[in-house]
Amino acid sequence: MSLINKRFKEVRKELSLTQEEYGKVLNIKRSSVGAYEEFRAIVPLDLVPKVMEIANLPMEDMYDFLFDAGYTFKNENN
């Protein structure tokens with residue numbers, strides 16, 4: 001299981017977006033969102049900064065976001 005895919009879905013859930021809405025915000029197809037969330041495809045690394053931006057996560061957290069299984073969302077909404 002890819003941690004980046006797990007994070008991808010966590011962000012969508014955190015923002016209370018549907019797969020369709022998430023895809024529109026990220027400028028990707030809803031079917032791609034589903035494929036990433038169901039681990040049928042790996043989230044491209046070039047999409048990560050956009051995911052972090054819409055989640056209002058600091059870019060300096062990118063390494064932890066991608067690789068730390070204990071990472072918690074530290075945005076200003078929490």
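E37 lies in helix α3; helices here are DSSP runs of H or I with at least four residues, strands are runs of E with at least two, and both are numbered from the N terminus. The model is a predicted one, in which local features need pLDDT of at least 70 and side-chain atom pairs count only at pLDDT 80 or more, while totals for chains, interfaces and linings use all residues. Residues are numbered from 1 along each chain as its sequence is written, and side-chain values use heavy atoms, with hydrogens and water left out.

With a relative accessibility of 5%, E37 counts as buried. Buried stands for under 20% relative accessible area, exposed for over 50%, and partly exposed for values in between, with a 1.4 Å probe and protein chains only. Leaving aside neighbours within four places in sequence, E37 is in contact with F8, K9, R12, Q19 and Y22, where contact means heavy atoms within 4.5 Å. The side chain of E37 makes a polar contact of 2.8 Å with the side chain of Q19. A polar contact is a pair of N or O atoms within 3.5 Å; within protein, one must be able to donate a hydrogen and the other to accept it, and residues adjacent in sequence count only if both atoms are side-chain atoms.

Q19 is found in helix α2 and, at 18% relative accessibility, also counts as buried. Its side chain is joined to that of R30 by a polar contact of 2.7 Å. Residues up to four places away in sequence not counted, Q19 touches R12, R30, V33, G34 and E37.

## Packing of α2 and α3

Helix α2 spans residues 19–26 and helix α3 residues 30–37; they pack at an angle of about 110 degrees, with their axes 8 Å apart. Axes are lines fitted to C-alpha atoms, for helices over the stretch in contact, and angles run from 0 to 180 degrees between N-to-C directions. The two helices α2 and α3 are therefore roughly perpendicular to each other. On this scale, angles under 35 degrees count as roughly parallel, over 145 as roughly antiparallel, 65 to 115 as roughly perpendicular, and the rest as oblique.

From α2, the contact is made by Q19, E20, Y22 and G23; from α3, by R30, V33, G34 and E37. By class, the contact of α2 with α3 has 2 nonpolar, 3 polar and 3 charged residues. Ala, Val, Leu, Ile, Met, Phe, Trp, Tyr, Cys and Pro count as nonpolar, Asp, Glu, Lys and Arg as charged, and the others, Gly among them, as polar.

## Buried face of α2

Q19, Y22, G23 and L26 are buried in α2. Seen down the axis of α2, these buried residues fall within an arc of 100 degrees, so they line one face of the helix; the arc is that of the directions from the helix axis to the C-beta atoms. The buried residues of α2 pack against α1 (3–14), α3 and α4 (48–54).

## Packing of α1 and α3

The axes of α1 and α3 are 8 Å apart, and the helices pack at an angle of about 125 degrees. They are therefore oblique to each other. In this contact, N5, F8, K9 and R12 of α1 meet V33, Y36 and E37 of α3. The residues of the contact of α1 with α3 divide into 3 nonpolar, 1 polar and 3 charged.

In α3, the buried residues are V33, G34, A35, Y36 and E37. What covers them includes α1 and α2.

## Positive phi values

Most residues other than glycine have a negative phi. S16, which is not a glycine, has a positive phi of about 55 degrees. S16 lies in the loop between α1 and α2 and counts as exposed at 63% relative accessibility.

Just after α2, N27 takes a positive phi of about 60 degrees. F39 follows α3, and its phi is positive, near 60 degrees. F39 is found in the loop between α3 and α4, where it is partly exposed, with a relative accessible area of 38%.

## M52 in α4

M52 lies in helix α4 and counts as buried, with 0% relative accessibility. Apart from neighbours within four places in sequence, M52 is in contact with L57, P58, M59, D61, M62 and F65. M52 and A69 are 17 residues apart in sequence; C-alpha to C-alpha, they are 16 Å apart in space.
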